[in-house]
Amino acid sequence: MLFIVNSISPPEHIKEPLAYMRKAQGSWEKRILKSLNSMCTELNIPLAQKRPVNEQKELLNKWNEMGTDEPDLSLFRPVYAPKDFLEVLMNLRNPNYENGEQPSFRNHLGLIQVPLKVKDIPELKEDFSELGLNIGQLGIDDSAQVPPELFENEHVRVGQKVLAEQDSAAAQQYVRQGCPTALRADLWALILNISNQPEDILYYEQLKSNVIQHDLLVDSLIYKDVKLTASNDDYYFVFEDYLYQVLLCFSRDTSVLEHFTYSSATPPKSYIRVAPLCFLYHEPSKLYQIFREMYVRFFFRLHSISSHPSGIVSLCLLFETLLQTHLPQLFYHLREIGAQPLRISFKWMVRAFSGYLATDQLLLLWDRILGYNSLEILAVLAAAVFAFRAVNLMEVTSLAAAEAVLADLSTLKVMPLLQIFLFATVT
């Protein structure tokens, strides 16, 4: 019977079951499109145009050194900032409820006011059981159970066996305890079913050819995005050329459109999340495939409105619920001084912590995203960061002061924070 119901559901219901979420996503997309169109009108440039032949030759010649180009992008503005998107999420309401009529929800004092089911710490402990205090982890220096070097040597041996057997499910289970640096590129490719066959390389070359031939408005936005982020970043500036190549090709990839049949969103805006992958993959076609697969499996959920457990709305609600439940004094204090915690943590989650954590720590975090096939760990880590800095945060008296306490996450060790928050918190 269930199959019959599903088979006659309209496509937009399959994408997102809640009508008010579909409506909100549709409105958000129209707002972005309006912003793009008004930029075209103001600057008197088309959304897309064929490049003159001399420009095509010039771009082809500098394909591997696009970072040296310094176009004047002063007139181009970002389509939206994370805080704009957060405002939209804060205004979401389920029209079936009047405020205060949601029995299980009326005590929620955060910014997100939609009644979605999110997990509590006992459920998260069960889901993330491999992160337990008694289980070996890469990224933990002082496990009481097993000396780190012994665990690491054995973990490398098991990882090599998993790769030799080319078992994707085993690889996904394996990375829940972290990936050895030398094996990460191959293990992620195995989990994502990326093999970089000749036809994949050809497809990438076709996308490159499309970039060479056609100039899109979004190209300038990508240039600006990379210039404002990666080229000023000590970790990522060396990969600037790779970032242009991957993101420009991604903007032409019509195969990505097929994926959005099953999401509440339509395609996409990039953030700088491609940058950390450059540490792992140095062949542009493979780097491109890994980024595309990470995007369509995970990252698109961070900037589209849906009720999915890994969607940004659920992650925001999970973060606020964890803080309000397990650090109530801190939560109420920050709320009282006008420093709602989500206003600070939202940018971390929407960018999957890219650009905030040190790269080795970011990759350990993303190991677990792949291992658990879930983005919920982003909300848990965000709450764990607040718990770690709780003493300092209890002393602040303004949003600016709270932001200053949490301004630099580059020295944080991800795995100890997650373990302590999940497995040493009294529930």
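Reply: Buried means under 20% relative accessible area, exposed over 50%, and partly exposed in between, computed with a 1.4 Å probe on protein chains only. Helices (H or I, at least four residues) are DSSP runs numbered from the N terminus. This is a predicted model, in which local features need pLDDT of at least 70 and side-chain atom pairs count only at pLDDT 80 or more, while totals for chains, interfaces and linings use all residues. Residues are numbered from 1 along each chain as its sequence is written, and side-chain values use heavy atoms, with hydrogens and water left out.

Me: Which residues of helix H16 are buried?

Reply: In H16, residues 328-336, the buried residues are Leu330, Phe331, His333 and Leu334. They cover an arc of only 165° around the axis, and therefore lie on the same side of H16. The arc is that of the directions from the helix axis to the C-beta atoms. The face turned away from this buried side carries the exposed residues Gln329 and Glu336.

Me: What do the buried residues of H16 pack against?

Reply: They pack against H15, helix H17 (341-350), helix H19 (376-388), helix H20 (390-393) and helix H21 (399-405). Contact here means heavy atoms within 4.5 Å.

Me: Why is H15 called largely enclosed?

Reply: Of its 15 residues, 12 are buried, so H15 is largely enclosed by the rest of the structure. Among them are Ile312, Phe319, Glu320 and Gln324. H15 spans residues 312-326 and reaches 21 Å from its first C-alpha to its last, close to the 21 Å expected. The expected span is 1.5 Å times one less than the number of residues.

Me: What makes the pair of phenylalanine 299 and tryptophan 366 tilted?

Reply: Rings of Phe, Tyr and Trp (its six-membered ring) pair if their centres lie within 6.5 Å; planes under 30 degrees apart count as stacked, over 60 as edge-to-face and the rest as tilted. The search of the whole structure finds 17 aromatic pairs. For phenylalanine 299 and tryptophan 366, the centres are 5.0 Å apart and the planes are at 55°, so the pair is tilted. The pair links distant parts of the chain, 67 residues apart: phenylalanine 299 is in the loop between helix H14 (284-297) and H15, and tryptophan 366 is in helix H18 (residues 359-372).

Me: How do you know whether phenylalanine 299 and tryptophan 366 are buried or exposed?

Reply: Phenylalanine 299 has 1% relative accessibility and therefore counts as buried. Tryptophan 366, at 0%, also counts as buried.

Me: Why is H10 called roughly perpendicular to H14?

Reply: Helix H10 (residues 198-213) and H14 pack at an angle of about 90°, with their axes 9 Å apart. H10 is therefore roughly perpendicular to H14, since angles under 35 degrees count as roughly parallel, over 145 as roughly antiparallel, 65 to 115 as roughly perpendicular and the rest as oblique. Axes are lines fitted to C-alpha atoms, for helices over the stretch in contact, and angles run from 0 to 180 degrees between N-to-C directions. Residues of H10 including Asp200 and Tyr203 meet residues of H14 including Tyr288 and Arg292.

Me: Is glutamine 166 buried or exposed?

Reply: Its relative accessible area is 53%, so glutamine 166 is exposed. Glutamine 166 is in the loop between helix H7 (148-165) and helix H8 (168-174).

How values were computed
Helices (H or I, at least four residues) and strands (E, at least two) are DSSP runs, numbered from the N terminus.
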